[in-house]
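Subject: Structure handover

Hello,

Here is the structure I promised to pass on. Please open it alongside this note. My findings follow below.

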Amino acid sequence: MPAEAVPSPPPGNDGVVRARPFAGRSLLGSEISVLFRRRRTWAMLAALAAIPILIAVVVRLSEGPEPGRGPAFLASITQNGLFVSLTALTVSIPLFLPLTIGVVAGDTIAGEANLGTLRYLLVAPTGRVRLLLVKYAGAAVFCLVGTLTVVTTGALIGAALFPIGPVALLSGTTVGFGGYAVRLLLLALYVTVSLLGLSAIGLFISTLTSVPVGAMAATAALAAVSQILGALPQLEWMHPWLFTHYWFGFGDLLRDPIAWQSFGDNALLQLGYIAVFGAMAYGRFSTKDILT
Amino acid sequence: MAKNWQRWLPAGIVPAVIVAASVVGPNLAQASPKLPAKTAQELLELVADSKDSAFSGTLEQSSELGLPELQSMDPGGGSTDGPGAALELLTADHTAQVSIDGPDKARVQVQDRLGERNVTLNGDEVWYYDFREQEAAHAVRPAEVTEAPMGEAYTPGQIAEKFLSTIDPSTEITVGDNARVAGRTAYELVLTPSTDDTLVGAVSLAVDSETGVPLSFIIAAQGQSEPAFSVAFSSIDFSAPVATLFEFTPPAGTTVTEVPVKEHRDHDMPDRDPGTEPRVLGEGWSSIVALPAGSASDAFTATPNGEDAAEAQALLQQAFTQVDGGRVLQTSLVTVFIADDGRVFAGAVSADQLIAASQQ
């Protein structure tokens, strides 16, 4: 095997993880701080924040949209600015959120390999397994931050441009600000969980290459492919297995009573994707020759 | 690095475990439970006794009618009004949250994606609400009307009652294998047409063994393995729903329509020329409903008036196929034949039978 010729870094050692939990936490801390100090991360968050702002400004400047047309919740915005969050989420879930997740998850391993820093990360007493876990945790944190960015920006810009008041849920029940805030947080959690499967796929693809752009593009493209497959009625048998299947199920949290079924189903499905692609990423990364 | 293959083991084992679990899991739950034997009559009484029960559950409806699915592919949008809505309710799959508290309190919430349509019945008040259209309708039930209005004929029990009331000697009623529906043990009542002249293969109703509440209602079509139409609880909870669930107040910004309910509908019908009355040909499962000439001529030829009418016309033209002497809409359960002179024939029979009836 050509690997023998290359000065090979110490192989992944699970014992280290257990012996020095503090090292893992500081590694996670540095990973997250590196992630959020990058200008690219801030640019992506700004782009996500621009979606609700754009929607709110356009609706404010135009005539009120007709109910039942356009993206969901659009018509409700003029009644209640807090609906901007929901419209923005509906618009960002198919494209913008997967795109940004693709960039972050695709960059995890391939980015380090491309910069030539992967070797040094592993020379320090960091097991490969732990590096994978930390990288994945970083991507998961970005999922949450990205979703929260859309939701909170939406609520703020909506409150600034439109009248706000008690919010009507899908079932026609009206809830106050407190109840709505709790539901928005649940909603952000739901969308974050929805994106974890995609993050795991991105992590795996990222271990395959040292060209981060390729991994990013492949991950974002897979999200699109999955959604297209999900729209074809001929492939109905496949639909419950697609990681995008429950992406729009977040509406179930806006019912009265809350329909928890899709939350559970979604979590289980994403867990399956994390397990499968996590195992594949482990298989690939722990046997890979780290050259850079 | 001889151990390299071992590091790939999880990548092989994890998918295998998931596949195994998803194949074995549902099969385990399908094992037929043992229950004390009951006759069909006893089962029907059990169902009739369940009128006062209180429960809430999730109802799954699915159809394999062989029609193009009319559900909107647009994730957030899609109109839920107009003539497409009724067809959409029948042809696409739906999930509904059903809450029942005795005969006077009921709520059915059709859980559309990012939307909801619901019907709430509380005493003599009936509310319909559509979130996407921001519309609500309100009606007061007249005192003498005891059955639930059409909009609520959605639970298996109500559908079953309608079906059972039309039973005649052409039907065999048998008790099928015990089943497990929504985690409950259930008896199965099977209605089989004794004639081969109908598209309906069998109708089966699963009845909760303890409470008598119907848990699933399935219509099988001849020569089709998947049920043509199925409504079944996927989960059910026999505790009384909270009372506030049945108190509906339309949210601000909703267009509310008051629907007047006529006390005596029959007297308000305009006198009709007997020649324009629908006729029923044959009897039992193979009966055919015939509408006289002129009933349907407009639907295809008239210039659509407004967006909804255009949508309806497009739907009709998409669904019907041209045959000798008219147009046929063939689904796995019902066939509709529209003759060129505008007569309409419909029934749970084959297209040939309808065309033959039209030539008599």
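Strand β3 (residues 105-110) of chain B is largely enclosed by the rest of the structure, because five of its six residues are buried. Buried means that 20 or more other C-beta atoms lie within 10 Å of the residue's own; exposed means 12 or fewer, partly exposed is in between, and C-beta atoms are placed from the backbone. Helices (H or I, at least four residues) and strands (E, at least two) are DSSP runs, numbered from the N terminus.

Before going on, some ground rules. This is a predicted model: local features need pLDDT of at least 70, side-chain atom pairs count only at pLDDT 80 or more, and totals for chains, interfaces and linings use all residues. Residues are numbered from 1 along each chain as its sequence is written, while chains are lettered from A and ligands numbered from 1 in the order in which they are written.

Back to β3(B). Strand β2 (residues 94-101) of chain B runs antiparallel to β3(B), joined by six bridges. (Two strands pair if DSSP finds at least two bridges between them.) B:A96 has B:V110 as its bridge partner. The two strands form a hairpin with three residues between them. In that turn, B:G102 has a positive phi of about 70 degrees.

β3(B) also pairs with strand β4 (residues 117-122) of chain B, antiparallel, over six bridges. Here B:K105 stands opposite B:N122. This hairpin has six residues between its strands, and B:L114 in the turn has a positive phi of about 55 degrees.

**The six-stranded sheet of chain B**

Chain B also holds an open sheet of six strands, in the order β14-β15-β19-β18-β17-β16, with antiparallel pairing. β14 (279-281) and β16 (321-323) stand at the edges with a single partner strand each, so one side of each is left without a neighbour in the sheet. Neighbouring strands are turned by 25 degrees against each other on average, direction ignored. Axes are lines fitted to C-alpha atoms, for helices over the stretch in contact, and angles run from 0 to 180 degrees between N-to-C directions.

Four bridges join β18 (residues 335-339) and β19 (residues 344-347) of chain B. Helix α9 (residues 351-358) of chain B lies across β14, β15, β17, β18 and β19, at about 35 degrees to β18(B).

**Helices of chain A**

Helix α4 (residues 84-92) of chain A is mostly covered, with nine of its nine residues buried. They pack against α3 (39-61), α5 (96-115), α7 (128-161) and α8 (177-208) of chain A. Contact means that C-beta atoms, placed from the backbone, lie within 7 Å.

The axes of α3(A) and α5(A) come within 11 Å and cross at roughly 175 degrees. That makes the two helices roughly antiparallel (angles over 145 degrees). α3(A) contributes A:M44, A:A47, A:L48 and A:I51, and α5(A) contributes A:F96, A:T100 and A:V103.

**Where the chains meet**

The contact takes 34 residues from chain A and 36 residues from chain B. On the chain A side, helix α10 (residues 261-287) gives the most, with ten residues.

**Confidence**

Chain A has a mean pLDDT of 87, and 90% of its residues reach 70 or more. (pLDDT is the predictor's confidence in each residue, from 0 to 100.) Over residues 1-19 of chain A, the pLDDT is below 50.

Best wishes

How values were computed
Two residues are in contact if their C-beta atoms, placed from the backbone, lie within 7 Å. Angles under 35 degrees count as roughly parallel, over 145 as roughly antiparallel, 65 to 115 as roughly perpendicular and the rest as oblique.
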